[in-house]
Every structure is written in structure tokens, then in C-alpha cells.
Amino acid sequence: GVGGASTTLSSLMIATPVDLALDLGTGCGIQALHAARHATRVIATDISERALELARFNGALNGFTNIEFRLGSLFEPVAGERFGHVVSNPPFVITPRGTTCEPAAVPEYEYRDGGMVGDALVELVIRHTQQHLEPGGVAQFLGNWECGAENGLDRVRGWIESTQLDAWVVERERQSVELYAETWIRDGGTRPGPEFDRLYSLWLDDF
């Protein structure tokens, strides 16, 4: 469904007319639908076939015929292509990573957990966007990143400095590790009790 992060990103979408837009990790298709109002054509990608089926249905239900849906991970389905507008609300939740010998025994959800260590998926999206933007193109993302004792904006600045992009980064809020763990354990449907306590311990140990 359309969650808070999705509505935040869509409310901030810059609606400058472009020929081609990309919705990276479309999920239910909400960003693609918004982009289809100002782009001649939109490509929407996702790693989930089910998500693409739902996004395709939502596009048809809302009368959009200018959205193309492609299956694949991150930028793989659009290799070599460039866009005037890129939007993405990628799987950004920083879940316990465990170790090589002993993976963290926590549930993972395709729509929110990127399957990479920490905030590596958000970093990858930022670092690889440049090669998919037309000159003067705009990319808009919403995600989480770790900050620890350092300034959170400095961490993202380091990713951007490896590109030739100009960027405006807004730190909407900063959460303690305790609140972050509680938020996403509840998001997975686990309520207070022994299983909640077990997961909570794993999340705090990881952080």
C-alpha cells in the first residue's frame, strides 16, 4: 500500500515536463503514477513480479497508458538509458545484518529491506544515479542512512562527492536506535511479547 514515505516523496515531486522518467523500485506504482502526469513516458522497475502486477493494475485503473513496467534489480532493467527525472523510495530499512557465520534471525520484507549491509542500498542508488540522468536532469529519493556519532549529513555528502551531481539533502528527522528498532519491528507486525523482545535485542546488538 501507500505508506507515509511514499506520500512524502510524491508530495515533493518536481513536476517539470520531461520526455522520460524513471521510478526505481516502484512498489504499488504511486511514484510512477505521479510522474506520468508530467513525463511523456515513465519506466517503472521492481524486483518483485507481484509488485509490478499491482502497479500495472493501478496504472490501468487510473487511466495511464504511458508507463512501462520492467522486472529487475535497481538500475539493471535500464542499463545504458538516461532520464530527465528519476524518483525512488527504495527499500531503505537498516535491518540487523548478523555475521557471515551467523546471519541475524530476523524477518526480512522485500518492500522495505534492501538485503545489503546497513544503508548500502541507499548509498548505491545515490552513487549510480549520475550515469542515468540526462544533463540537467533531476533525481529525488527518500531513504534512511546511519549516522552514529557523526553528522548524518556528512555521511551522505561523502556519497555525493564521489559523483558530479549537485544535491540538496534534507534530514527530516533523527531517531535513536531504540525508537528505530521499535518502529520497524512493529511495522513487521510483531507486538510486545517474547518475540518482540528477541528481535529488539538483535536490532540493538547490531546497532
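The model is predicted. The protein has 7 helices and 5 strands. With a radius of gyration of 18 Å, close to the 17 Å that the globule rule gives for 207 residues, the protein is as compact as a globular protein of that length.

**Overall fold**

- Along the sequence, the elements follow the pattern α-β-α-β-α-β-β-α-β-α-α-α.
- The C-alpha trace spans about 50 × 40 × 30 Å along the principal axes of the protein.
- Take the contacts between residues at least 6 apart in sequence: 65% of them join residues at least 24 apart.
- Of the 207 residues in the protein, 40% are buried.

**Surface and charge**

- The accessible surface of the protein is about 11,400 Å².
- Carbon and sulfur atoms account for 53% of that surface.
- The protein carries 16 positive and 29 negative side chains.
- The centres of these two sets of charges are 4 Å apart.

**The nonpolar cores**

- The largest nonpolar core holds 19 residues.
- The residues with the most contacts inside this core are Phe92, Val93, Ile126, Tyr180, Trp184, Ile185 and Trp203.
- Five helices each give at least two residues to this core: helix 1 (4–11), helix 4 (120–129), helix 5 (152–160), helix 6 (177–187) and helix 7 (194–206).
- Helix 6 contributes the most, with 4 residues.

**The loop between strands 3 and 4**

- This loop runs between strand 3 (67–71) and strand 4 (83–88), and Leu74 is in it.
- Leu74 has a phi near 50°, a positive value in a residue that is not glycine.
- Arg82 is found in the loop between strand 3 and strand 4 too.
- Is Arg82 buried, exposed or partly exposed? Its relative accessible area is 44%, so Arg82 is partly exposed.
- Beyond its neighbours within four places in sequence, Arg82 is in contact with Leu20, Gln130, Gln131, His132, Leu133 and Glu134.
- Arg82 and Leu22 are 60 residues apart along the chain, yet their C-alpha atoms are separated by 8.8 Å.

- Thr129 sits in helix 4.
- Thr129 has a relative accessible area of 1%, so this residue is buried.
- Apart from residues up to four places away in sequence, Thr129 touches Phe75, Ala139 and Phe141.
- Glu110 lies in the loop between strand 4 and helix 4.
- Why does Glu110 count as exposed? Its relative accessibility is 52%, and exposed means over 50%.
- Glu110 is in contact with Ile47, Ser48 and Pro91, leaving aside neighbours within four places in sequence.
- Glu110 and Pro91 are 19 residues apart in sequence, and their C-alpha atoms are 7.4 Å apart in space.

**Helix 3**

- Helix 3 covers residues 49–61, and Ala51 is part of it.
- Ala51 has 14% relative accessibility; buried means under 20%, so Ala51 counts as buried.
- Setting aside residues up to four places away in sequence, Ala51 touches Gly27 and Asp46.
- Ala51 and Glu110 are 59 residues apart in sequence, with 10.0 Å between their C-alpha atoms.
- Gly59 is also found in helix 3.
- Is Gly59 buried or exposed? Gly59 is buried, because its relative accessible area is 2%.
- Gly59 touches Leu33 and Phe64, not counting residues up to four places away in sequence.
- Gly59 and Ala32 lie 27 residues apart in sequence and 8.3 Å apart in space, C-alpha to C-alpha.

Methods. Residues numbered from 1 in each chain as written. Predicted model: local features only at pLDDT ≥ 70, side-chain atom pairs only at ≥ 80, totals over all residues. Heavy atoms only, no water. Rg over C-alpha atoms; globule rule 2.2 N^0.38 Å. Buried < 20%, exposed > 50% of the residue type's maximum accessible area, 1.4 Å probe, protein only. Contact = heavy atoms within 4.5 Å. Areas by Shrake-Rupley, 256 points an atom, 1.4 Å probe, with all protein chains shown as cover. Lys, Arg positive; Asp, Glu negative; His and termini not counted. Charge placed at Lys NZ, Arg CZ, Asp CG, Glu CD. Core = buried A, V, L, I, M, F, W, Y, C linked by side-chain atoms within 4.5 Å.
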